[in-house]
Amino acid sequence: MRLFHRIQSGALALILSLGLACPAAAGVSPSQITLQIFSTGGMDGRTYSQDPLTEEAVPVSYLKAAAALSEERSAADESILLDLGNAVSSGALSGYAAGQSSEGYDPAAVCLRYLDYDALIPGRRELSLNREPGQALWEFLSEDSARAAGSPVDVLCANYLDAAAQEPVFKPYKILSYTVGGKVFRVGILGFGNADLPASAPVIRYEGAALSSSENDAGSYVYEWTHRWQKELREDEGCDFVIAALHSGLGSSDVFDPSSQAAWLASHTEGIDLILASGESAGVTAFRNTAGKQVSVVCPGGSALTKTSLTIRRDGTFSLGKSQCLDLAGCEDDPGLSALMAPYYGREDSLLDIDLGSLSGQWDDVTSLSLIQNDTMNLLHEAQLWASGAQVSIAVPAAAEGFSVSSLLDSRGHGTVTLRDCWSIYGRDGDTLYLIEMTGEQIRKWLEACATQYSVDSSGYIVGSSQIAQVYGISYNIYLGNPEGVRVASLIYDGKPVNEGQIFRVAVSSQLLSTTAQNDPYGWYAVTGINLESNQILWDASVSDDFSSDGGSVTLILSEYIRAMTARGRELTPPTAKSRWTMVGSTSQEAMASVTRLELAEALYEEAGRPAVTAGGFTFSDMPQNSSAAVWAVQSGIILGSGGLFQPDAPVTREQALLMFLRFDRYRGQGPSGDWAAALPYTDAADGSPWAAEALMWNVVRQYLLPDAAGNLRPQASLNAAEMNAALRIIRKFGAEQ
């Protein structure tokens, strides 16, 4: 019951009153009027001329809607303006900025009041706001004071009910009255908000509320209309014309879909004269209702201002004109609203440039975040573990193209990180962090599903989607040469093999949890069966004591983590990985095979482009001179030999391989020069040979070979094929940047 009592508090007690009559204009009433019905929907908080995050122009916004409405209204006798939901931003920035101010409401609310909207039909984003931002929004929209510019805006939602009382939490409908030829005509506007909220928000966000009547398990608008609102609006209220305003997609008239019910509602009811639905795209469609009447469904689709003309005559007849979708992209920005929004934009822009902390150390510059373990993703995973107390973190790379944390460093290896940089690290602005329970079997199967999205091309390169999640906290290897279903091996947690029935606390974002059997772009739900309706959810950052002010945003949690680390009085350095993972194109058997000295020489010869070699000067008695790779390796200084022998079939050790990588980098002009040194972070650094010391230091910079979870580099162990291939990918990357 918590949500219900919260919404009724203070000014919001007004929202339960039913019906609002508009008095007729003074004087003689006209013989007919043309009523223009306008709608917007899916504006997603677009309140500025440019995006504060990207600083790119915003093609469609409330600023442009204001300019279009000013012109359209001036030509109309009367008008109705409705917003069909998702008016507030899906991103975290505007909510965070509002939370940092004394106002607490999204700037989209200011736009709704300025444009004199008659009503907002709440969408998923409005209904899933956590307590403080939600209350601030409802109170500001309904406020009638000098503090709030513009006019109050009603919130209409007939299907968002107090679960116990089975009564609407918000006003279900609004009635507007018009006097024509001395007669009063009543137009009813019935609002249906998002009916599929459980698929996008956990139940804690709407505790105490129901999304439909208790008998309406499917959440069908048809049921709500036919069992209650049809009689109330048509008979009890005596409406002459009824508009159903929905936060819903168009959907199908043949198949019921709770998230897209407009077509279903139009074709399975009677008594509704016009349907306005948020829709996936702008458009106008007509459906024949159960009485045989054509009912138009008009969708703004987040890009248009819809316009429908309704002519009311003194004889009681109505004429519904053709509906239009006015493209907002070609409109100018309204100067008055632009001036009103300027302080809000400035507030967000200034927040983005606040320094969160200082960076230093040898951050890698890997940008293929889903193919190679890297410092940028490790930082994100560490933040998710820190915030949630999880054992394991799952995340889909979402960095800006070509970005790595190392790009924030100057030539001396120091730098700062701002809130704007956090969006470069994780750009999915609206993702919320959750803590869930998963079994070892679910984690393994998810990794197996991810592995199917990759393949090896004819050149030996791994290719595939960059939008596949990785697991952190558990070490594992992926062998793409293995058959599907057995590509994931060596799952290790805390030094021990992962048991299939072992339970883990896992940090994961709403990107994966906001999926259903019908909408599962990542295949997450098909594999794990876990979504926002599941009882495996243990914690929701958006309603937590620590992160509710950030809206539970993954990006903002990252910023809080950086602040917390900085508060300890030190610069932020690359995190020591809690686990290791690799992805190789070979089979597991091939990947674990030891690499010989000649095999590594041949691989480096290929990376060098198979340059021409000159005969003569060959001194190794155990190596035939007709091996171009061996000749090149000797002549370029990659291999010097041992006791006059090349030892082509001898397994190469990891420290020998690192020395060959160092010499290869010098060969192509990318190695270190002059006096230089790097501290060795490896637990077993003392096991390295003196002649390999510089090579081990160079590995700190390049990270060709990674230490294990205990920090051991194992310099005397044999290099295996998987390790060689991973190192070659890094060599190719640096070669491509040359």
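Helices here are DSSP runs of H or I with at least four residues, while strands are E runs of at least two, and both are numbered from the N terminus. What you're looking at is a predicted model, where local features need pLDDT of at least 70, side-chain atom pairs count only at pLDDT 80 or more, and totals for chains, interfaces and linings use all residues. Residues are numbered from 1 along each chain as its sequence is written, and side-chain values use heavy atoms, with hydrogens and water left out.

Let's start at A593, which sits in the loop between α16 (588-592) and α17 (597-607). Is A593 buried, exposed or partly exposed? Its relative accessibility is 36%, so A593 counts as partly exposed (buried is under 20% relative accessible area, exposed is over 50%, and partly exposed is in between, using a 1.4 Å probe and protein chains only). Leaving aside residues up to four places away in sequence, A593 touches L719, N720 and A721; contact means heavy atoms within 4.5 Å. L161, on the other hand, is 432 residues from A593 in sequence and 64 Å from A593 in space, C-alpha to C-alpha.

Now hop over to helix α10, residues 375-388. Of its 14 residues, 13 are buried, so α10 is largely enclosed by the rest of the structure. Just after α10 comes G389, with a positive phi of about 70°.

Last stop: the cysteines. As for C450, its relative accessibility is 4%, so C450 counts as buried.

Terms used. Expected span 1.5 Å × (residues − 1).
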